[in-house]
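Here is a quick tour for anyone meeting this structure for the first time. Have the sequence and the 3D view open as you read.

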Amino acid sequence: MGARVLAMTTPTAQQTDPRPLYRDALGWVRGLVDTVPVARYGDPTPCADFDVRTLVAHLIATVGRAQAVSLGEPAISRPSMIEGIPDDDLAATYGRAVDDLAPLWSNDAVLDSMVQVPWGEVPGRGALWGYLDEALVHGWDLAVATGQDVEADPALAQATFAAVVRFLPAEPRGGPVPFGPVVEPTADAGPTERLANWAGHHR
């Protein structure tokens with residue numbers, strides 16, 4: 001992702017505190033992760049890079065990267081995939097990561113401190129918008145793969161979508177912008193699915 005793409009220059013992104021939204025998104029994903037039977041960890045997901053097992057491991061890693069930027073550390077100082085976690089401990093590991101994250105973002109100053117993320121240098125709130133989007137999109141992937149309700153709270157998904165369409169335009173995609181082309185939503189798609197479609201994900 002180029003810094004231009006996720007520069008977070010819109011008034012909405014600059015002024016809104018994404019921490020409550022991110023907390024709610026993590027809570028939704030946690031519920032999904034907790035519900036997945038271990039026997040389904042080898043199932044495919046709409047994200048071709050991941051099966052259910054590696055998707056959960058990646059979700060754990062994204063929380064770790066959000067922890068890093070809250071401490072003023074570059075996000076890439078943490079891995080993008082957590083390996084070696086036994087299947088029967090993946091859900092608990094995700095839950096612990098979420099619990100450990102909450103107090104790290106309690107300092108309001110973190111929101112406006114510049115931090116290094118894979119898509120450039122952005123204010124802390126800009127980083128959190130990115131990880132919020134990733135939580136919801138990959139949560140949708142997980143829900144589709146495991147037959148769960150694919151929709152997070154509509155207000156949460158709508159607020160995230162309103163920010164995302166401003167800092168992640170429909171074009172260009174590919175290359176330094178690691179998202180597929182926008183997918184045309186179906187007529188009955190809810191807000192979370194439309195957010196996933198904007199990221200190039202589809203059933």
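W198 is buried in this predicted model, with a relative accessible area of 18%, which puts it below the 20% cut-off. Its ring has a partner: F161 and W198 make an edge-to-face aromatic pair, with 5.9 Å from centre to centre and 75° between the planes. The count of aromatic pairs comes to one. F161 sits in helix α6 (residues 154–167) and W198 in helix α7 (residues 191–198), so the pair ties together parts that are 37 residues apart in sequence. F161 itself counts as partly exposed, at 26% relative accessibility.

Just after α7, G200 takes a positive phi of about 90°.

Helix α2 (residues 19–35) and helix α5 (residues 124–146) meet at an angle of about 25°, and their axes are 9 Å apart. An angle under 35 degrees counts as roughly parallel, and α2 and α5 are therefore roughly parallel to each other. α2 passes α5 in a left-handed crossing. On the α2 side, the contact is made by R19, L21, Y22, A25, L26, W28, V29, L32 and V33. On the α5 side, it involves L128, W129, Y131, L132, A135, L136, G139, W140, L142 and A143.

Now over to Q116, which has its place in strand β1 (residues 114–117). Leaving aside neighbours within four places in sequence, Q116 is in contact with V69, E73, P74, A75 and E121. The C-alpha atoms of Q116 and G72 are separated by 8.2 Å, though the two residues are 44 residues apart along the chain.

Finally, a word from the records. An unreviewed UniProt entry places the feature "domain: Mycothiol-dependent maleylpyruvate isomerase metal-binding" at residues 29–143. Over that stretch the chain is 50% helix and 7% strand, and the end C-alpha atoms are 9 Å apart.

Methods. Residues numbered from 1 in each chain as written. Predicted model: local features only at pLDDT ≥ 70, side-chain atom pairs only at ≥ 80, totals over all residues. Heavy atoms only, no water. UniProt positions renumbered as here; feature names shortened; annotations may be inferred. Helix = DSSP H or I, 4+ residues; strand = E, 2+ residues; numbered from the N terminus. Phe/Tyr/Trp six-rings, centres within 6.5 Å; stacked < 30°, edge-to-face > 60°. Buried < 20%, exposed > 50% of the residue type's maximum accessible area, 1.4 Å probe, protein only. Contact = heavy atoms within 4.5 Å. Axes fitted to C-alpha atoms, helices over the stretch in contact; angles between N-to-C directions. Parallel < 35°, antiparallel > 145°, perpendicular 65-115°, else oblique. Left-handed = near helix turned anticlockwise from the far one by under 90°.
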